[in-house]
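Trainee: Could you go through this structure with me, a piece at a time?
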Amino acid sequence: MIHDDETLVREMLTRAADDLPTGSPDTTALVTAGERAVRRRRRLAVAATAVVTAVALLGVTALLGVRQPPTPADRTWPPTVAPTAFDPARQLFRLTWLPADLPERSLSTAADRQTIGAARYTLFEGTQARRLVGSVAVTVGARGVDFFTDQLTRDNRNAGKLRSGPTPWPTPPGSPVEPVQGHPAFLHTSPDGKETVLSWRYAPDAWVTITAVTLDRPAEVLRRVAEGMVWERQPVRVPFQPVALPSDARLQLARMGWRDGRWDIVLLNYRLPGSSAAGGDLTIGLERSDQRGDPTGVVQGRPAWISVWRGWSGTWSVGGVPGCVGCRALVGTGSPAGSAALGGQDGARDLAAAIRPVATHDDESTWRPL
């Protein structure tokens with residue numbers, strides 16, 4: 001499911017945690033070329049601007065827009081035999097349609113599953129706290145990942161019951177419906193009617209689920225989303241430059257969100273060898289700040305919000321990010337090993353201060369691949 005961005009930051013940090021040409025036309029050359037060339041170039045410029053604006057409003061090239069040409073290996077996706085683990089640095093699919101009234105978009109890539117989602121929130125009256133009022137999420141699981149025990153747990157919880165024992169379903173919950181991508185599909189509605197799930201097996205013991213929450217005509221929405229699902233592997237790209245991380249740190253999870261047609265938050269979670277930390281050992285990221293509280297410290301002359309507990313677990317959020325007005329750089333540690341690998345609190349603080357966006361971070365075609 002899709003969570004509030006503030007909750008996402010808190011959870012991930014606490015538990016661990018390619019371009020349009022720049023510059024303007026040469027006016028002297030344009031005059032020399034004559035009025036016709038001027039008009040032509042102006043029309044092209046307007047068209048290019050319109051395209052960029054449209055892409056932004058549709059929300060995010062990483063989800064729906066401009067893609068790099070897939071390699072022959074990527075065109076063979078999805079596999080007839082699913083892997084037991086995905087590469088979190090590779091996005092496995094994209095969507096050509098999501099409901100326009102769900103403006104906030106999200107992407108999550110992990111070893112066991114990947115999710116693309118859309119959501120809408122409203123503010124609780126008189127507060128800045130937000131509540132979810134509608135969402136849809138497409139999740140692809142690696143081989144052996146069980147989505148349906150979780151579904152049963154939610155169903156029983158919504159019905160006021162406690163789940164006991166394994167899932168009783170030899171197939172996904174719900175009734176058979178028209179196949180999806182040539183595979184038998186099932187449609188399930190939760191007992192309270194708020195959650196509707198379309199499921200199909202894309203490879204042996206590997207499933208796709210699309211979940212709608214509190215949406216009108218959910219079965220129609222889910223079917224349209226499914227019809228617009230394109231299997232195409234691409235590198236996951238991020239809007240900030242590389243930073244020095246421990247050489248043995250391995251990407252465990254990438255999560256990012258978009259609001260108002262532009263990126264809002266990007267978080268990368270890493271694990272160290274032999275770690276038993278449930279949420280990973282360290283996290284780095286960048287977000288557009290809507291921080292309302294006063295800074296709790298200063299890092300290299302920049303405002304910072306710092307929270308540390310148990311001496312090793314903490315979050316370092318540093319504002320005044322060069323080249324990104326209103327952004328905050330984020331670092332979190334979720335284990336003693338993660339803290340030690342960064343050089344303790346001083347190392348975590350210095351790492352947060354070192355995070356920089358790519359030069360044109362609002363143009364997603366310039367983002368760097370992981």
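Predicted model: local features only at pLDDT ≥ 70, side-chain atom pairs only at ≥ 80, totals over all residues.

Trainee: Okay, where is Ser 108 found?

Mentor: Ser 108 lies in strand 2, which covers residues 104–110.

Trainee: And is Ser 108 buried or exposed?

Mentor: Ser 108 counts as buried because its relative accessible area is 16%, and the cut-off for buried is under 20%.

Trainee: New topic: how many bridges join strand 14 to strand 15?

Mentor: Three bridges link strand 14 (residues 297–299) with strand 15 (residues 302–309), and the two run antiparallel; Val 299, for instance, has Arg 302 as its bridge partner. These strands make a hairpin with two residues between them, where Gln 300 takes a positive phi near 50 degrees.

Trainee: What about strand 15 and strand 16, how many bridges there?

Mentor: Six bridges join strand 15 to strand 16 (residues 313–318), again in an antiparallel arrangement, and Ile 306 is paired with Trp 316 in strand 16. This hairpin has three residues between its strands, and Arg 310 in the turn shows a positive phi of about 60 degrees.

Trainee: Last one: how many disulfides does the structure hold?

Mentor: The structure holds one disulfide, which joins Cys 324 to Cys 327 with an S to S distance of 1.9 Å, and both Cys 324 and Cys 327 are buried.

Terms used: Residues numbered from 1 in each chain as written. Heavy atoms only, no water. Helix = DSSP H or I, 4+ residues; strand = E, 2+ residues; numbered from the N terminus. Buried < 20%, exposed > 50% of the residue type's maximum accessible area, 1.4 Å probe, protein only. Pairing = 2+ DSSP bridges. Disulfide = S-S within 2.5 Å.
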